[in-house]
Amino acid sequence: MSNTTGTLFALKRYAIHDGPSIRTTVFLKGCALACWWCHNPEGIGKDIQLVSSPQRCIACGECIENCTQHALHQSNGDIQRDQDLCTICSECVETCPALVHEATGWETDVNNVMTELLKDKTFFDEDQGGVTFSGGEPLSQPDFLLELLTACGTHGIHRTVDSSGYAARETVQRINSETDLWLLDLKHMDSGQHKKHTGVGNELILGNIQLLSDQDAFMRIRIPLIPGFNAFPNVLDTMARFISTLKNVPAVDILPYHDTAKSKYEKLGLVHTPVPSKRAVLNPTKAIEIFNNYGIPAESGG
Amino acid sequence: MNERIKRLRAQSFNARPAISIERALLETEFYEQHTGKHSLPVLRALSFKHICEHKTIYIGEDELIVGERGPYPKAVPTFPELTCHSVEDLKVLKSRKMTPYDISDEDIQLYQEKVIPYWTGRSMRERIFSHVPANWKAAYEAGLFTEFMEQRAPGHTALDGSIYGMGLIDFKARISDRIQRLDYANDPLAADRFEQLQAMDISCDATILFARRHAKLAEKMALESSEQKRKTELQEIARICCHIPEHAPRTFHEAIQMYWFVHLGIITELNGWDAMTPGHIDHHLAPFYARELEAGSLTREQAKELMSCLWIKVNNQTAPPKVGVTAKESGTYNDFTQINLGGLYADGSDASSEVSHIALEISDELNLLQPQTSVHISSQTSRDFLKAATRVIRNGKGYPSVFNSDMVIAEQLRVGKSITDAREGGTSGCIETGAFGKEAYILTGYLNVPKILEVTLHNGVDPLTGKQVGLQTGKATDFTDYTMLYLAFEKQLEHVINLKIAVNNYIERMFAKYSPAPFLSVVIQDCIENGKDYYDGGPRYNTNYIQCCGLGTVTDSLSAIKTHVFEGKLPMAQLLQALSNNFENSEALRLKLANKTPFYGNDDDRADDIMKSVYESLFTSIDGKANTKGSVYHLNMLSTTCHVYFGKMLGATPNGRRAFLPESDGTSPSHGADLKGPTAVMKSLSKMDQSLSGGTLLNQRFLPSVLKTDQDLDKLCGLIRGYFKLGGHHVQFNVVDTATLRKAQQDPASYRNLLVRVAGYSDYFVDLDRDHQEEIIARTEQATT
């Protein structure tokens with residue numbers, strides 16, 4: 001193993017919706033996309049931030065006292081942080097008894113992550129459990145990811161990579177050599193629409209899906225069903241047509257949209273762009289039908 | 001569920017628990033006339049026979065399996081020879097809001113006139129309490145431990161397969177043979193053995209007589225019945241009740257009725273803890289089922305109907321009413337009959353069968369308080385059996401609970417049982433391991449481990465009362481390191497356990513001498529051969545368990561002291577001050593303790609190592625101490641509902657828990673302390689060598705949304721199997737969300753059916769008192785992304 005470092009923003013054990021059987025999901029920080037519906041906005045930025053949940057504050061004043069940069073102060077009973085002064089020393093995170101302050105990620109190395117991952121090896125060994133690397137975008141830290149995948153491989157742990165597919169072709173190829181299953185997002189076939197709602201065009205993504213299919217990689221396509229964006233029969237139809245032309249036709253998971261991340265955006269000081277429409281034109285069952293019509297196995301959730 | 005079962009179920013569900021004074025009157029009348037004429041065992045047997053001869057016989061409409069302990073369903077007798085309820089007790093039981101028992105004013109009057117005067121000063125409870133030493137009483141009153149045998153007889157009785165191959169006439173032959181072989185010249189106990197064997201013989205006659213009275217009533221009812229179908233059924237009942245229990249059963253129907261008469265005999269003779277259980281009923285019924293199915297004399301539907309009748313019969317036997325401390329320990333109508341399904345046959349092969357699947361279906365459909373079902377999963381158990389069990393678990397009744405057969409066997413092998421006896425053993429009550437049909441494994445009482453730490457922190461004084469209740473092990477402010485504190489805690493622990501055991505052994509001899517159980521002794525192996533009672537070391541194996549409570553609370557408290565006092569900057573005096581003020585004005589400190597301490601349940605060695613050392617200390621102090629039957633004590637890690645009572649006797653604790661709130665339950669983490677999901681919890685628990693115990697208990701609460709799809713169930717199976725591979729003994733699930741529980745609190749009438757897992761048993765949520773309801777809500781909800 002090695003001490004190559006990387007940045008995570010979460011690590012969840014007993015994750016049961018990120019691939020087959022019981023898994024631990026590792027969330028790698030940083031993503032080039034900024035999807036309007038993103039559930040994990042803390043995973044977008046590469047840099048670690050300190051954020052606060054003022055509603056937990058009991059006004060004990062310990063963090064203010066201990067802040068060497070005087071970046072914290074009380075105003076209207078709420079704790080406020082001056083991000084310009086904050087050097088992210090994490091003293092406030094350490095001292096606050098009420099868990100008001102937290103970091104949006106942490107730097108760690110392959111050895112440390114592997115120690116955590118191996119803790120649930122017994123559970124992975126039941127059926128095909130294992131580790132899922134998610135994000136953010138796991139491919140945004142390719143060297144770190146590759147080492148983790150390789151290390152998991154030497155322990156016989158099943159490896160899933162949950163990715164937007166937005167990465168250089170060479171990176172995908174490199175990662176694929178150590179990946180047992182891909183969960184790849186497909187959001188829209190129209191590059192303009194894609195760019196408008198995610199910040200990037202879809203050419204790279206479609207190319208990578210094609211590439212992985214050509215290389216016989218095990219893959220599932222995940223489609224977040226976003227009202228007003230892609231939850232229309234004609235949009236899904238174009239996706240289904242694309243998928244059906246792949247060399248190996250992968251199964252599709254339809255992920256229903258839930259508007260649950262608003263408070264996360266607020267905490268991060270980010271603007272939460274509401275999805276284009278609140279009303280879903282298409283329910284998951286209908287969506288599944290569209291894919292089935294092309295002979296593509298599809299299910300809700302995943 | 002067919003129409004008959006629907007009607008019987010409704011009758012059982014709707015029947016109100018009531019106290020019947022019939023048994024008390026018969027018992028008193030008999031004792032008044034016969035005390036002094038016979039040896040104690042014979043007196044007990046004759047008194048049992050007197051009850052069997054004279055108690056009201058009940059055969060309900062629609063019933064196929066017959067017999068009640070009381071005069072009608074859910075009418076529960078009292079046992080004044082053990083503990084005689086006062087008029088005040090009866091009035092409290094009648095009027096209390098939670099789990100009341102009906103009793104008429106006339107019956108209270110009769111009790112006052114006929115029962116109470118005779119038993120005053122004579123009941124086991126009074127005799128025990130008049131003998132206990134002052135330091136025991138002080139510790140008991142401080143809530144350092146409870147005593148199981150002050151209100152009920154030592155229990156935990158599960159049967160093996162003997163009664164399905166032998167009638168009572170065959171047992172009588174064995175008894176007679178043993179009497180023939182008594183060696184008065186060389187065996188100084190021969191005369192005692194004779195009395196005991198004679199008592200066993202009488203008790204067999206009593207049970208046969210009891211069955212015959214049912215036959216007679218059934219015949220009479222058949223004559224009177226105008227409906228041909230019912231007439232035939234009643235004639236069949238009459239035929240069966242003449243054949244068994246005198247002779248061995250030949251059919252599936254006879255086998256169930258055989259068991260039921262033996263069950264009733266045992267719970268009529270005495271009110272042993274955890275009622276009585278058939279143990280592995282699927283093992284015992286499977287051969288009858290296979291034979292009759294093959295012969296075409298029984299269909300799957302008929303088998304299911306008959307088994308459903310048995311389930312309903314068990315539900316009709318409400319727990320005997322308790323009062324005082326014991327009522328707080330366990331405020332429930334549940335009498336803890338636990339039916340084991342699956343597991344292994346004596347030869348080590350997978351014992352799950354079609355009968356096991358039928359039993360699971362019944363538990364799911366009937367949705368009754370009793371019996372509890374548990375599934376026993378070994379490495380060999382078929383996948384589909386565990387999957388079928390998770391389908392029932394998903395429905396959120398709290399059962400079946402899930403046990404690891406391989407661990408249950410390992411626990412028994414460790415204490416010297418044979419491999420075949422261990423495989424035929426299982427779990428009863430909540431999670432307690434025993435060799436079914438061959439062992440008296442007696443729960444003796446709960447130990448309040450966090451309270452022992454509290455007393456240690458106050459040099460032997462209970463800070464809630466200021467009384468000296470333990471040893472003077474030094475002032476906490478003088479401890480200079482964690483080891484000093486821990487050694488003081490160990491010393492205190494040893495002292496409290498010794499105190500408990502001393503009185504326990506005394507009580508045990510009281511039961512052996514004055515309250516033998518001859519009928520129970522007939523059906524538990526080796527009592528006949530040894531010519532000794534179940535309570536006197538007669539069975540093949542004789543175990544005493546002490547149940548240790550609050551492992552999570554004590555571990556987290558020690559971890560907090562270690563982290564913040566000895567490795568941090570918090571002065572011990574300041575901590576003690578905050579605890580005595582129940583964290584009043586020290587919320588920052590409380591949050592620091594609660595949020596900045598490594599806690600048990602997160603797969604974090606810093607906390608789990610402390611848990612391991614506490615577990616080892618408990619083991620060292622308890623395991624191997626002598627009981628009065630030539631055997632020893634072992635530890636057991638369950639709390640039933642006692643963690644709520646113990647919590648009420650406990651001030652604020654160093655883990656940030658406020659005073660009087662419940663302690664952690666079983667071997668589960670403290671409420672809300674586990675933040676890393678169920679695999680981390682299981683990893684933490686697996687760090688204790690569970691094979692050294694007589695059982696551990698893990699509660700997990702899942703949101704219904706986590707168990708929606710078939711794949712979700714596969715993942716639950718994987719979780720269970722993973723835990724068992726790691727050496728877990730037991731896990732049980734509550735599948736219900738907080739919103740539902742809150743709604744049930746608001747509107748109990750609409751949620752009368754909502755079963756939840758409490759401890760090693762389920763109860764109706766609306767029947768629980770507020771403390772227990774809140775406690776269940778506080779258990780960490782395992783949601784997942």
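Visitor: Which stretches make up domain 1 and domain 2 in the domain assignment of chain B?

Guide: Keep in mind that this is a predicted model. In the domain assignment of chain B, each domain is pieced together from two stretches. Domain 1 takes 133–151 + 438–696, and domain 2 takes 274–436 + 698–785.

Visitor: What is the predictor's confidence, as mean pLDDT, for chain B?

Guide: The model as a whole scores ipTM 0.94 and pTM 0.94. For chain B, 98% of the residues reach a pLDDT of 70 or more. The mean pLDDT of chain B is 94.

Visitor: Back to those domains: which helix of chain B gives the largest share of the side of domain 1 that touches domain 2?

Guide: The centres of the two domains of chain B, taken over C-alpha atoms, are 26 Å apart. Their contact takes 40 residues from domain 1 of chain B and 45 residues from domain 2 of chain B. On the domain 1 side, strands 8, 11 and 12 and helices 28 and 29 of chain B each supply at least two residues. With 7 residues, the largest share comes from helix 29 of chain B.

Visitor: And by class, how many residues on that side of domain 1 of chain B are nonpolar, polar and charged?

Guide: Here we sort the residues of domain 1 of chain B that touch domain 2 of chain B.

Visitor: Which residue in strand 12 of chain B stands opposite I546(B)?

Guide: Strand 11 and strand 12 of chain B run parallel and are joined by 4 bridges. Follow I546(B) across to strand 12 of chain B and you land on L635(B).

Visitor: Let's look at another strand. Is strand 4 of chain B largely enclosed or open?

Guide: Strand 4 of chain B spans residues 372–377. Q372(B), S374(B) and H376(B) point one way, while T373(B), V375(B) and I377(B) point the other way. In a regular strand, side chains alternate between the two faces of the sheet. Since 6 of the 6 residues of strand 4 of chain B are buried, the strand is largely enclosed.

Visitor: Which residue of strand 4 of chain B is the bridge partner of I339(B)?

Guide: Strand 3 of chain B, residues 338–342, runs parallel to strand 4 of chain B, and 5 bridges join the two. For I339(B), the bridge partner in strand 4 of chain B is T373(B).

Visitor: How about where the chains meet: which strand of chain A gives the most to the side that touches chain B?

Guide: In this contact, 21 residues of chain A meet 24 residues of chain B. Strand 1 and helix 4 of chain A each supply at least two residues of the chain A side. Giving the most, with 4 residues, is strand 1 of chain A.

Visitor: Which residue does a cis peptide bond join to Y399(B)?

Guide: We're looking in the loop between helix 17 and strand 5 of chain B, where P400(B) lies. Omega is about 0° for this cis bond, and the residue joined to Y399(B) is P400(B).

Terms used. Residues numbered from 1 in each chain as written. Chains lettered and ligands numbered in written order. Predicted model: local features only at pLDDT ≥ 70, side-chain atom pairs only at ≥ 80, totals over all residues. Domains from an automatic or database assignment. Contact = placed C-beta atoms within 7 Å. Nonpolar A, V, L, I, M, F, W, Y, C, P; charged D, E, K, R; others polar. Pairing = 2+ DSSP bridges. pLDDT = per-residue confidence, 0-100. Buried ≥ 20, exposed ≤ 12 C-beta atoms within 10 Å, placed from the backbone.
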